[in-house]
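The sequence and structure come first, and the description follows.

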Amino acid sequence: MLEISGLSAAYGQLTAIRDISLTVESGGILAVIGANGAGKSTLLKTIAGQLKATTGSIRFDGADVTALSTHERARRGIVLVPEGRRLFGSLTVHENLQIALSAKRSGVWSLESVYELFPLVAERRRRRAGDLSGGEQQATAIARALIANPAVLLLDEVSLGLAPAIVGQLYDRLPLILEQGTAILLVEQDVAQARRVSDEVHCLLQGRTSLAGKDLDLADISRAYFGAEATA
Ligand SMILES: Nc1ncnc2c1ncn2[C@@H]1O[C@H](COP(=O)(O)OP(=O)(O)OP(=O)(O)O)[C@@H](O)[C@H]1O
(Lines give C-alpha, C1' and ligand atoms only; values in the text may rest on other atoms or scores of the structure.)
Protein backbone atom coordinates (compact mmCIF):
# COMPACT_ATOMS: atom_id res chain seq x y z
CA MET A 1 0.00 0.00 0.00
CA LEU A 2 2.76 2.45 1.01
CA GLU A 3 6.05 1.97 -0.77
CA ILE A 4 9.01 4.23 -0.01
CA SER A 5 12.02 3.87 -2.25
CA GLY A 6 15.43 5.54 -1.93
CA LEU A 7 13.94 8.46 -0.01
CA SER A 8 16.12 11.36 1.15
CA ALA A 9 15.16 14.73 2.61
CA ALA A 10 17.06 17.75 3.90
CA TYR A 11 16.72 20.92 5.96
CA GLY A 12 18.78 23.35 3.86
CA GLN A 13 22.29 21.87 3.70
CA LEU A 14 21.59 19.20 6.32
CA THR A 15 20.47 15.88 4.83
CA ALA A 16 18.37 14.38 7.63
CA ILE A 17 17.34 11.10 5.96
CA ARG A 18 19.21 9.25 3.22
CA ASP A 19 18.13 6.50 0.87
CA ILE A 20 15.33 5.03 2.98
CA SER A 21 13.26 2.21 1.48
CA LEU A 22 10.37 0.47 3.21
CA THR A 23 6.93 -0.96 2.54
CA VAL A 24 3.80 -1.07 4.71
CA GLU A 25 0.92 -3.31 3.68
CA SER A 26 -2.76 -2.67 4.28
CA GLY A 27 -3.57 -3.75 7.85
CA GLY A 28 0.15 -3.96 8.67
CA ILE A 29 2.17 -2.08 11.26
CA LEU A 30 5.78 -1.03 11.00
CA ALA A 31 7.75 0.72 13.74
CA VAL A 32 10.60 3.09 12.98
CA ILE A 33 13.06 3.24 15.86
CA GLY A 34 16.24 5.20 16.49
CA ALA A 35 17.92 7.57 18.90
CA ASN A 36 17.27 11.32 19.17
CA GLY A 37 18.01 13.02 15.88
CA ALA A 38 18.14 9.77 13.88
CA GLY A 39 15.63 11.16 11.37
CA LYS A 40 12.43 9.41 12.45
CA SER A 41 10.18 12.51 12.52
CA THR A 42 11.75 13.72 9.28
CA LEU A 43 10.79 10.45 7.60
CA LEU A 44 7.15 10.82 8.69
CA LYS A 45 7.05 14.49 7.67
CA THR A 46 8.42 13.62 4.24
CA ILE A 47 5.85 10.86 3.76
CA ALA A 48 3.06 13.25 4.85
CA GLY A 49 4.37 15.92 2.43
CA GLN A 50 5.43 18.51 5.01
CA LEU A 51 8.99 18.24 3.77
CA LYS A 52 10.00 17.78 0.15
CA ALA A 53 11.92 14.65 -0.82
CA THR A 54 15.30 15.43 -2.38
CA THR A 55 15.61 11.96 -3.92
CA GLY A 56 13.49 8.84 -4.10
CA SER A 57 9.79 8.16 -4.38
CA ILE A 58 6.68 7.59 -2.28
CA ARG A 59 4.10 5.35 -3.89
CA PHE A 60 0.72 4.96 -2.32
CA ASP A 61 -2.07 2.71 -3.50
CA GLY A 62 -0.26 2.22 -6.79
CA ALA A 63 0.26 5.94 -7.52
CA ASP A 64 3.37 8.10 -7.18
CA VAL A 65 2.51 10.77 -4.59
CA THR A 66 6.03 12.19 -4.14
CA ALA A 67 5.16 15.53 -5.76
CA LEU A 68 1.70 15.94 -4.20
CA SER A 69 0.85 18.51 -1.51
CA THR A 70 0.21 17.53 2.11
CA HIS A 71 -3.44 18.31 1.58
CA GLU A 72 -3.74 16.05 -1.46
CA ARG A 73 -1.92 13.21 0.35
CA ALA A 74 -4.33 13.56 3.29
CA ARG A 75 -7.24 13.46 0.86
CA ARG A 76 -5.88 10.15 -0.42
CA GLY A 77 -5.60 8.81 3.12
CA ILE A 78 -2.07 9.55 4.37
CA VAL A 79 -2.65 11.15 7.79
CA LEU A 80 -0.02 12.23 10.32
CA VAL A 81 -0.40 12.50 14.10
CA PRO A 82 2.54 14.84 14.72
CA GLU A 83 4.91 14.82 17.66
CA GLY A 84 3.48 17.11 20.36
CA ARG A 85 -0.15 16.36 19.35
CA ARG A 86 -0.97 19.93 18.18
CA LEU A 87 -4.51 20.17 19.49
CA PHE A 88 -6.32 23.49 19.82
CA GLY A 89 -5.86 23.90 23.56
CA SER A 90 -8.59 26.48 24.10
CA LEU A 91 -11.24 24.44 22.26
CA THR A 92 -13.06 21.50 23.79
CA VAL A 93 -12.17 17.92 22.89
CA HIS A 94 -15.43 17.67 20.95
CA GLU A 95 -14.67 20.84 18.99
CA ASN A 96 -11.20 19.54 18.13
CA LEU A 97 -12.77 16.39 16.74
CA GLN A 98 -15.48 18.30 14.88
CA ILE A 99 -12.84 20.26 12.99
CA ALA A 100 -11.51 16.97 11.61
CA LEU A 101 -14.92 16.17 10.11
CA SER A 102 -14.18 18.58 7.26
CA ALA A 103 -11.41 16.22 6.05
CA LYS A 104 -13.50 13.07 6.53
CA ARG A 105 -13.15 10.32 3.93
CA SER A 106 -15.67 7.53 3.83
CA GLY A 107 -15.12 4.70 6.30
CA VAL A 108 -16.06 3.33 9.70
CA TRP A 109 -14.56 6.13 11.78
CA SER A 110 -16.94 8.85 12.94
CA LEU A 111 -17.37 10.90 16.11
CA GLU A 112 -19.37 8.04 17.62
CA SER A 113 -16.93 5.27 16.71
CA VAL A 114 -13.81 7.12 17.90
CA TYR A 115 -15.57 7.86 21.20
CA GLU A 116 -16.27 4.15 21.45
CA LEU A 117 -12.63 3.35 20.74
CA PHE A 118 -11.44 5.83 23.39
CA PRO A 119 -14.08 6.01 26.16
CA LEU A 120 -11.88 8.37 28.15
CA VAL A 121 -11.93 10.86 25.29
CA ALA A 122 -15.73 10.59 25.24
CA GLU A 123 -15.83 11.32 28.98
CA ARG A 124 -13.67 14.41 28.47
CA ARG A 125 -15.52 15.70 25.41
CA ARG A 126 -16.68 18.96 27.06
CA ARG A 127 -13.28 19.74 28.61
CA ARG A 128 -10.79 22.14 27.05
CA ALA A 129 -8.13 20.09 25.25
CA GLY A 130 -5.41 22.15 26.94
CA ASP A 131 -6.63 20.98 30.37
CA LEU A 132 -6.30 17.25 29.60
CA SER A 133 -3.48 15.00 30.78
CA GLY A 134 -0.79 14.04 28.24
CA GLY A 135 -2.31 10.60 27.70
CA GLU A 136 -5.79 12.05 27.17
CA GLN A 137 -4.37 14.55 24.69
CA GLN A 138 -2.56 11.82 22.79
CA ALA A 139 -5.76 9.73 22.61
CA THR A 140 -7.62 12.81 21.36
CA ALA A 141 -4.98 13.45 18.70
CA ILE A 142 -5.25 9.85 17.46
CA ALA A 143 -9.06 10.06 17.53
CA ARG A 144 -8.91 13.28 15.49
CA ALA A 145 -6.68 11.63 12.87
CA LEU A 146 -8.95 8.57 12.69
CA ILE A 147 -12.00 10.68 11.89
CA ALA A 148 -10.40 11.38 8.50
CA ASN A 149 -10.54 7.59 7.92
CA PRO A 150 -6.87 7.27 6.99
CA ALA A 151 -5.62 4.45 4.79
CA VAL A 152 -2.26 4.83 6.47
CA LEU A 153 -1.82 6.43 9.87
CA LEU A 154 1.57 7.96 10.67
CA LEU A 155 2.09 8.14 14.44
CA ASP A 156 5.00 10.19 15.75
CA GLU A 157 6.17 9.22 19.25
CA VAL A 158 2.88 8.34 20.89
CA SER A 159 4.75 7.59 24.11
CA LEU A 160 6.57 10.92 24.44
CA GLY A 161 6.31 12.11 28.05
CA LEU A 162 3.68 9.52 29.03
CA ALA A 163 3.74 6.93 31.81
CA PRO A 164 4.33 3.36 30.51
CA ALA A 165 0.87 2.21 31.67
CA ILE A 166 -0.81 4.94 29.60
CA VAL A 167 1.33 4.13 26.59
CA GLY A 168 0.32 0.47 26.93
CA GLN A 169 -3.37 1.44 26.98
CA LEU A 170 -2.99 3.56 23.84
CA TYR A 171 -1.06 0.88 21.96
CA ASP A 172 -3.64 -1.72 22.98
CA ARG A 173 -6.14 0.16 20.77
CA LEU A 174 -4.03 -0.23 17.65
CA PRO A 175 -5.23 -3.74 16.67
CA LEU A 176 -8.79 -2.38 16.45
CA ILE A 177 -7.57 0.26 14.01
CA LEU A 178 -5.59 -2.27 11.93
CA GLU A 179 -8.65 -4.53 11.76
CA GLN A 180 -10.31 -1.90 9.61
CA GLY A 181 -7.56 -2.33 7.01
CA THR A 182 -5.69 0.84 8.00
CA ALA A 183 -1.91 0.54 7.87
CA ILE A 184 0.18 2.10 10.64
CA LEU A 185 3.69 3.49 10.44
CA LEU A 186 4.83 4.60 13.86
CA VAL A 187 7.91 6.20 15.32
CA GLU A 188 9.01 5.00 18.73
CA GLN A 189 12.13 5.45 20.85
CA ASP A 190 11.20 2.63 23.18
CA VAL A 191 12.52 -0.51 21.48
CA ALA A 192 10.52 -2.91 23.66
CA GLN A 193 7.24 -1.14 22.84
CA ALA A 194 8.14 -1.00 19.15
CA ARG A 195 8.82 -4.74 19.01
CA ARG A 196 5.69 -5.54 21.00
CA VAL A 197 3.23 -3.71 18.79
CA SER A 198 4.70 -4.00 15.29
CA ASP A 199 5.07 -6.69 12.61
CA GLU A 200 8.35 -5.22 11.51
CA VAL A 201 10.98 -2.84 12.85
CA HIS A 202 13.03 -0.35 10.84
CA CYS A 203 15.98 1.19 12.66
CA LEU A 204 17.51 4.53 11.66
CA LEU A 205 20.97 5.70 12.63
CA GLN A 206 22.07 9.20 11.59
CA GLY A 207 19.48 9.32 8.85
CA ARG A 208 20.24 5.94 7.29
CA THR A 209 18.70 2.51 7.67
CA SER A 210 20.94 0.55 10.01
CA LEU A 211 18.70 -2.52 10.34
CA ALA A 212 15.25 -3.61 9.19
CA GLY A 213 13.18 -6.76 9.43
CA LYS A 214 10.91 -9.01 11.49
CA ASP A 215 11.82 -10.79 14.74
CA LEU A 216 15.15 -9.02 15.03
CA ASP A 217 17.71 -10.01 17.61
CA LEU A 218 18.01 -7.54 20.53
CA ALA A 219 21.80 -7.35 20.34
CA ASP A 220 21.57 -6.51 16.61
CA ILE A 221 18.94 -3.85 17.37
CA SER A 222 21.15 -2.35 20.05
CA ARG A 223 24.09 -2.05 17.61
CA ALA A 224 21.83 -0.61 14.91
CA TYR A 225 20.24 1.85 17.35
CA PHE A 226 23.36 3.27 18.98
CA GLY A 227 26.00 2.52 16.33
CA ALA A 228 28.69 -0.15 16.52
CA GLU A 229 31.10 2.03 18.57
CA ALA A 230 28.62 2.49 21.40
CA THR A 231 28.34 -1.25 22.06
CA ALA A 232 31.93 -2.27 21.23
N1 LIG B 1 13.17 22.01 11.36
C2 LIG B 1 14.43 21.60 11.30
N3 LIG B 1 15.41 22.39 10.81
C4 LIG B 1 16.70 21.98 10.74
N5 LIG B 1 17.13 20.77 11.15
C6 LIG B 1 16.21 19.95 11.68
C7 LIG B 1 14.83 20.31 11.79
N8 LIG B 1 14.14 19.26 12.33
C9 LIG B 1 15.06 18.30 12.56
N10 LIG B 1 16.29 18.70 12.18
C11 LIG B 1 17.54 17.91 12.23
O12 LIG B 1 17.33 16.75 11.42
C13 LIG B 1 17.91 15.61 12.04
C14 LIG B 1 16.81 14.55 12.22
O15 LIG B 1 15.83 15.05 13.14
P16 LIG B 1 14.47 14.30 13.47
O17 LIG B 1 13.64 15.24 14.29
O18 LIG B 1 13.89 13.75 12.23
O19 LIG B 1 15.00 13.11 14.37
P20 LIG B 1 14.18 12.11 15.29
O21 LIG B 1 14.78 10.77 15.05
O22 LIG B 1 12.71 12.27 15.05
O23 LIG B 1 14.58 12.60 16.73
P24 LIG B 1 13.68 12.96 18.00
O25 LIG B 1 13.38 11.67 18.63
O26 LIG B 1 14.61 13.82 18.80
O27 LIG B 1 12.46 13.69 17.48
C28 LIG B 1 18.54 16.07 13.33
O29 LIG B 1 19.90 16.32 13.08
C30 LIG B 1 17.80 17.38 13.63
O31 LIG B 1 18.61 18.26 14.36
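## Helix α6

In helix α6 the buried residues are Q137, Q138, A139, T140, A141, I142, A143, R144, A145, L146 and I147. The structure discussed here is a predicted model. Because 11 of the 14 residues of α6 are buried, this helix is largely enclosed by the rest of the structure.

The length of α6 can be checked against its residue count. Helix α6 covers residues 134-147, and at 1.5 Å a residue its 14 residues should span 20 Å. Just after α6 comes N149, which takes a positive phi of about 55 degrees.

## Residue Q138

Q138 lies in helix α6. Why does Q138 count as buried? A residue is buried if 20 or more other C-beta atoms lie within 10 Å of its own, and Q138 has 27 other C-beta atoms within 10 Å.

Which residues is Q138 in contact with, leaving aside its neighbours within four places in sequence? They are R85, V158, L162 and L170. For L170, which is 32 residues apart from Q138 along the chain, the separation of the two C-alpha atoms is 8.3 Å.

## The protein as a whole

The secondary structure of the protein comprises 11 helices and 10 strands. Its radius of gyration is 17 Å, close to the 17 Å that the globule rule gives for 232 residues, so the protein is as compact as a globular protein of that length. Taken along the principal axes, the C-alpha atoms fill a box of roughly 50 × 40 × 35 Å.

Of the 232 residues, 40% count as buried. Among contacts with a separation of 6 or more, 70% are between residues 24 or more positions apart.

Strand β3 takes in residues 29-33. Because 5 of its 5 residues are buried, β3 is largely enclosed by the rest of the structure. Both of its faces are covered: I29, A31 and I33 are buried on one side, and L30 and V32 are buried on the other.

Strands of a sheet pair through backbone hydrogen bonds, either parallel or antiparallel. Which way does β3 run relative to β8, parallel or antiparallel? The two strands run parallel, with 5 bridges joining β3 to β8 (residues 183-188). Within this pairing, I33 has E188 in β8 as its bridge partner. Strand β9 (residues 200-205) also runs parallel to β3, and 4 bridges join them. There, A31 has V201 in β9 as its bridge partner.

## The open sheet

Another group of strands is paired in the antiparallel sense. Four strands, in the order β2-β1-β4-β5, form an open sheet with antiparallel pairing. At the edges stand β2 and β5 (63-64), each with a single partner strand, so one side of each is left without a neighbour in the sheet.

Strand β1 (residues 2-11) is joined to β2 by 7 bridges, and the two run antiparallel. In this pairing L2 stands opposite V24, and L7 has I20 as its bridge partner. The hairpin of β1 and β2 has 2 residues between the strands, and in it G12 takes a positive phi near 60 degrees. Strand β1 is also joined to β4 (residues 53-60) by 6 bridges, again running antiparallel. L2 stands opposite F60 in β4, as well as opposite V24 in β2.

## Around the ligand

Which residues surround the ligand? The shell is made up of Y11, L14, A16, G34, N36, G37, A38, G39, K40, S41, T42 and Q189. The elements that give two or more residues to this shell are β2 (14-24) and α1 (40-48). Helix α1 gives the most, with 3 residues.

Sorted by class, the shell has 4 nonpolar, 7 polar and 1 charged residues.

Conventions
Residues numbered from 1 in each chain as written. Predicted model: local features only at pLDDT ≥ 70, side-chain atom pairs only at ≥ 80, totals over all residues. Near = placed C-beta within 6 Å. Nonpolar A, V, L, I, M, F, W, Y, C, P; charged D, E, K, R; others polar. Expected span 1.5 Å × (residues − 1). Buried ≥ 20, exposed ≤ 12 C-beta atoms within 10 Å, placed from the backbone. Rg over C-alpha atoms; globule rule 2.2 N^0.38 Å. Contact = placed C-beta atoms within 7 Å. Pairing = 2+ DSSP bridges.
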